[in-house]
Amino acid sequence: MDIIGSSVHRIESVEKVTGEARYTHDIKMEGMLYARILTSPYPHAKILSIDTSRAKELPGVFAVLTGEEIPYKVGLYMVDKPVLAQGKARYQGEPVAAVAAVTEEIAREAVKLIRVEYEPVQPVFDPVEALKPDAPLVHEKLGEYSYVKGVFFPEPGTNVASHIKIRKGNVFEGFAKADRIIENDFYLPQVNHVPLETHSSIARWGKNGEIEIWTSAQSPFAVRNLLSVSLGISPAKIRVHVPYVGGGFGGKAGIHLEPLVACLSKAADNRPVKIVATREEEFNTLPVRQGLKAHIKTGVTKEGRIVAEEINYYWDAGSYADYGVNIGRAGAYAGAGPYDIDNVSIDSYTIYTNHVFGTAYRGFGHLEVLWAIERQMDIAAHELGMDPYDFRMKNLLRPGSITITGEKINENTGSVIKCLEAAAKEIGWGKPKTEEELEEEKNTGRVRGKGLAVLHKAPAMPTNTGCAAILKFNDDGTINLLVSGVDYGQGTYTTLAMVAAEQMKMPVEKIKVVYDNDTDMMPYDWQTVASRFTFMGGNAVIRAADDLINQMKDVASRVLRAPKEELEIGNERIYIKHNPDEYLTYRQVALGYTYPNGNAIGGPLIGRGMYIAQGLTNLDPKTGQGLPAIDWTYGAHGVEIEIDTNTGDIRVLKIVSAFDVGKVLNKELCEEQVVGGVLQGLGAAICEQYLYRDGVLLTRTFTDYKVPTSMDVPDEIFPIFIETPQLDGPFGARGVAEHPMISVPSAIGNAVYNATGVNIYEVPMTPEKVYFALKNRA
Amino acid sequence: MKDIILKVNGRKYNLRIDESMTLLKVLREELELTGTKEGCGEGECGACTVLMDGKAVNSCLVLACEAEGHDITTIEGLADGELLSDIQEAFIEHQAFQCGFCTPGMIMTIKGFLDENPNPTEDEIEEAIAGNLCRCTGYKPIVAAVKDLVERRGNDGYNR
């Protein structure tokens with residue numbers, strides 16, 4: 001393999017450094033109108049009346065809509081979200097009315113003229129409070145919503161959007177064998193994805209009843225499917241284009257502003273309507289990562305084996321759980337971490353509150369549950385007087401282990417043990433501080449500590465998730481590669497070009513990945529989420545290449561008068577194995593072979609490849625047993641930090657991140673995923689959080705919501721790749737898109753303990769929180 | 001409404017604009033130079049950075065009227081046809097971008113910075129781009145690209 005494993009620059013590099021890459025933000029159309037929205041100032045309020053008459057009279061206004069006029073609900077797994085609030089608003093920031101006008105300024109003016117009469121009702125903000133029998137209901141009609149039955153389990157009459165149960169062994173018997181029982185609570189607030197390009201969509205609802213959309217989205221076919229279901233229109237009448245996307249991180253998965261602009265277009269004489277979310281709307285109106293409260297009870301023997309674990313996860317889904325219910329599910333089936341434990345009971349509740357609603361976010365619940373699990377593991381080790389490394393090594397999954405859903409780990413599943421070994425070694429785990437270092441710490445008040453944490457994640461997706469790819473020849477024997485997953489910078493298109501080139505045995509420069517994503521033209525793909533695109537897209541591309549090679553050999557076999565089995569490919573030629581001088585070039589067969597006398601055979605060749613998830617099952621409703629995962633990527637971080645005990649400020653000196661990726665397909669892009677993901681994890685660890693006062697969001701700008709800048713970067717980020725081949729992955733590869741940010745907070749939290757002997761249970765570990773934790777210890 | 005003459009990337013434009021329009025809006029919507037991005041509209045993210053008389057500014061915080069009489073350079077003004085500037089080349093060499101949305105602003109900040117300080121330390125580079133948010137790269141490839149560029153310029157005295 002020459003191409004696979006090398007470092008190929010992103011194929012769209014020039015477009016991105018010259019400003020030529022066009023994003024949805026940049027698109028303008030003839031006759032285009034601009035939309036603005038009016039949002040609810042209350043976290044929970046009945047809408048008594050809406051008066052839009054003055055807004056409608058403003059010159060330049062084409063349409064004003066309220067929830068009453070467009071009674072549609074949308075949702076991926078739980079269809080619970082209205083396009084505009086209907087009857088009541090469930091969070092401060094929820095869209096209540098929308099305007100389309102000839103300019104953005106007029107649309108903004110018109111929004112100010114809309115009068116809404118609200119009657120605030122009792123809100124609920126805490127997911128545990130929301131479980132109480134007398135808690136206000138966020139969704140009174142939960143029992144009437146459609147959702148994916150048999151996979152999610154809503155409890156009508158309560159705020160539980162879904163309750164997932166995992167039962168392995170018998171926890172009562174397990175705890176009876178335990179020498180120590182360790183019980184703790186952990187918490188993570190909501191956070192924002194912060195794509196630099198805010199959500200943006202344009203729609204034109206044609207007079208023929210067909211809808212065309214241009215949108216900053218991760219998954220064109222999911223937008224088409226969900227819009228189709230919501231509006232009751234055939235998907236064939238909906239066309240979704242996705243140009244360049246300025247960051248997604250899960251926040252642009254599923255469907256967002258597309259239905260609203262589609263409805264506005266219909267109401268506005270079928271003119272195209274564009275909306276660009278303001279940064280404030282990105283924080284306050286569009287969805288976030290869910291918050292989590294976790295309660296974990298762990299039983300351990302004095303030898304350091306975990307014998308039982310009982311976990312309750314309470315997800316703050318916010319006001320809608322259309323995507324969030326699946327985070328509650330993924331957080332459950334992966335919810336004990338990559339450990340071999342005989343007796344486990346997990347209850348994962350996705351709970352409605354009156355906060356901004358949640359959705360997918362890089363890591364999909366795993367950063368959250370592994371904050372709790374990996375802190376708990378360290379605390380358990382300390383209580384036993386064991387080294388946290390040794391404690392983990394005694395309990396980690398290994399070949400022969402059975403996961404909490406009944407999956408048997410084998411030699412090719414990937415090795416979390418190797419990841420932890422590599423991370424611990426590189427960070428210098430167990431190396432005691434020198435006398436001088438201790439003296440220095442005493443003098444400066446800046447103490448150092450190291451921490452470890454492991455992780456695992458598999459794609460969380462429907463059992464029948466599919467993906468297709470097309471390879472079509474151009475005249476000169478170059479190839480256009482068509483896929484409909486979206487490359488928003490992660491580099492998958494480049495990697496898929498490498499996969500195609502490797503399989504076709506031709507230079508990667510001769511594979512063009514078609515960038516204009518369009519559901520009318522591109523083969524189907526479910527969604528660009530879950531670190532699944534390289535795995536599934538890669539498999540589809542390999543199959544498409546094999547299909548194309550087979551067709552090339554068909555033609556060559558006739559021309560060269562040789563059986564197909566005797567033909568080989570290489571150097572852009574199809575040749576006879578035994579006599580390589582007898583060959584045709586790719587160019588000669590690309591559009592059909594022509595004999596000297598003018599006769600032609602073959603035709604323009606098109607390779608097609610399909611891949612669908614293999615062997616996945618729905619999980620048993622009572623026990624969670626089944627197979628939820630096509631490929632588990634394991635990993636481990638080792639960090640060294642310095643805490644200024646005078647201020648509580650944490651500085652990360654070095655972070656080592658090891659992942660068993662199966663096979664590195666593009667070294668440079670793989671390393672970049674790690675570096676970028678680690679810093680995003682660092683943001684969740686030390687500075688990012690949603691803060692509300694009485695349900696009103698306080699952190700709505702970059703002044704109040706802090707993301708890491710170049711000044712916050714660790715001195716050293718050190719990626720390590722372990723390569724235990726995934727036998728059904730493309731060239732043995734697994735996904736590694738989300739994993740770098742998972743367990744970064746846990747490793748830092750463990751390092752805080754290592755440095756100071758103080759346990760932190762909540763992120764973010766802001767200077768204030770760390771300072772007071774240290775002070776309270778003293 | 002006001003008539004102004006704006007000089008952008010060496011070309012002059014006669015414009016009739018609303019006095020309240022920002023330079024960012026005029027660049028993107030009147031001149032259709034959409035390489036300059038809007039990330040927040042409040043001067044907090046740096047995505048809209050352009051050069052005004054060689055100095056990096058957030059174009060969302062500058063009124064277009066104020067930009068009259070000044071030389072404005074945007075990302076579109078950097079490459080000479082297909083010949084990229086050395087900063088753009090360094091960005092490609094180090095793959096100092098992912099989604100690419102912050103990239104034009106980031107490159108303009110770096111251009112303004114290096115023109116003023118051709119021999120910065122790593123700390124100075126990090127400080128120089130602290131006002132440009134990037135959510136994808138973790139900044140390390142960007143800093144590496146600038147360090148490498150500084151070294152190369154020092155070696156061959158070349159600056160384009």
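## A covered helix in chain B

Leu23(B), Leu24(B), Lys25(B), Val26(B), Leu27(B) and Arg28(B) are the buried residues of helix H1 of chain B in this predicted model. The helix spans residues 23-30, and because 6 of its 8 residues are buried, H1(B) is largely enclosed by the rest of the structure. Here, buried means under 20% relative accessible area.

The cover over these buried residues includes parts of both chains: helix H3 (104-112) of chain A, and strands S1 (2-8), S2 (11-17), S3 (49-52) and S5 (71-73) of chain B. After H1(B) comes Glu32(B), which has a positive phi, near 55°.

## The largest cavity

Rolling a probe the size of a water molecule over the atoms shows where empty space is left. The structure contains 8 cavities of 30 Å³ or more. The largest cavity holds about 650 Å³ of space. It is lined by 41 residues, and those closest to its centre are Gln490(A), Ser531(A), Gln673(A), Ala737(A) and Glu738(A).

Three helices of chain A, H13 (492-504), H14 (533-560) and H16 (667-686), each give at least two residues to the lining of the largest cavity. H16(A) has the largest share, with 3 residues. By class, this lining has 18 nonpolar, 17 polar and 6 charged residues.

## The second largest cavity

The volume of the second largest cavity is about 220 Å³. Its lining has 16 residues, and Lys81(A), Pro82(A), Val83(A), Pro95(A) and His256(A) lie nearest the centre.

Strand S5 (81-82) and helix H6 (258-267) of chain A each supply at least two of the lining residues of the second largest cavity. This lining divides into 12 nonpolar, 2 polar and 2 charged residues.

Conventions: Residues numbered from 1 in each chain as written. Chains lettered and ligands numbered in written order. Predicted model: local features only at pLDDT ≥ 70, side-chain atom pairs only at ≥ 80, totals over all residues. Heavy atoms only, no water. Buried < 20%, exposed > 50% of the residue type's maximum accessible area, 1.4 Å probe, protein only. Helix = DSSP H or I, 4+ residues; strand = E, 2+ residues; numbered from the N terminus. Contact = heavy atoms within 4.5 Å. 1 Å grid on protein atoms, 1.4 Å probe; cavity = no way out; pocket = protein on both sides within 12 Å on 5 of 7 lines; lining within 4 Å. Points joined across faces, edges and corners; volume = space filled by probe spheres on them. Nonpolar A, V, L, I, M, F, W, Y, C, P; charged D, E, K, R; others polar.
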